[in-house]
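Let me put the model up and then walk you through it strand by strand.

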Amino acid sequence: MALFGTLETLKSQIYGSKFEKAFAYIEKLQDKNSNEYKSLLNTKIGECNKIVLDENCFVLEQTYITKDKEDCLFESHKKYIDIQYMFEGDEIMEVENVNNLLIETAYKEDLDYAKHAQSKNSSILKIKQNELAIFYPNDAHMPCIKIDDNKKIIKAVFKISVNN
């Protein structure tokens with residue numbers, strides 16, 4: 001089941017070491033004096049930088065412009081749990097059980113990625129700056145949706161192995 005909120009809220013709800021590296025990195029992203037903060041802040045639109053935190057966790061630092069909902073699709077993963085941390089901006093993310101969606105692009109194991117058609121029954125999350133959403137393999141999710149206007153988003157997407 002997807003979870004969302006502030007780092008402090010989610011840390012109080014999640015137990016175990018699986019998320020420790022990602023949560024520690026998010027704390028660095030919230031420190032304006034850290035190298036991690038400065039690096040992500042300087043990410044250019046269209047860039048996506050991969051940083052390996054350990055053998056079970058990596059982060060994709062990215063900057064993009066939000067899109068109209070019609071231009072988005074649901075995505076799902078089997079090998080990794082997604083933590084999507086909103087560094088700057090806000091967007092809508094929709095979530096739906098993967099079993100309730102039609103497949104648009106079959107699962108590609110090398111990319112750990114499948115695309116799914118939109119749904120009229122999905123749940124809608126509004127993720128604001130300094131909030132995060134955690135999506136498990138059964139949580140197909142559709143990020144990048146504009147709220148009112150298309151705007152710049154800076155985000156860190158953590159990938160945590162389900163098998164660690």
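So, E1 and E10 run antiparallel to each other and share four bridges. Within that pair, Thr6 sits across from Glu131 of E10. When I say two strands pair, I mean DSSP finds at least two bridges between them. The strands themselves are DSSP runs of E with at least two residues, helices are runs of H or I with at least four residues, and both are numbered from the N terminus.

Before I go on, the caveats. This is a predicted model, so local features need pLDDT of at least 70 and side-chain atom pairs count only at pLDDT 80 or more, while totals for chains, interfaces and linings use all residues. Residues are numbered from 1 along each chain as its sequence is written, and side-chain values use heavy atoms, with hydrogens and water left out.

How many residues join E2 to E3 in the hairpin? Two residues do it. E2, residues 48-54, pairs with E3 in the antiparallel sense over six bridges, and Ile51 faces Val59 of E3. E3 also pairs antiparallel with E12, residues 152-161, over nine bridges. There, Phe58 has Lys159 in E12 as its bridge partner.

Why is E3 largely enclosed by the rest of the structure? Because eight of its nine residues, 57-65, are buried. Buried here means under 20% relative accessible area, exposed is over 50%, and partly exposed is in between, with a 1.4 Å probe and protein chains only.

On to a helix: H2, residues 20-29. Its buried residues are Ala22, Phe23, Tyr25, Ile26 and Leu29. They cover an arc of only 160° around the axis, so they end up on the same side of H2. The arc is that of the directions from the helix axis to the C-beta atoms. As a reminder, an α-helix has 3.6 residues a turn, so residues three or four places apart point the same way.

Most residues other than glycine have a negative phi. Asn130, though, has a positive phi, near 70°. Asn130 is in the loop between E9 (123-127) and E10 (131-135), and is partly exposed, at 35% relative accessible area. Cys144 has a positive phi too, near 80°. Cys144 belongs to strand E11, residues 139-145, and is buried, at 15%.

Last, the whole chain. It has three helices and twelve strands, and 46% of its 164 residues are buried. The C-alpha trace spans about 45 × 40 × 30 Å along its principal axes. Looking at contacts between residues at least 6 apart in sequence, 78% join residues at least 24 apart, where contact means heavy atoms within 4.5 Å.
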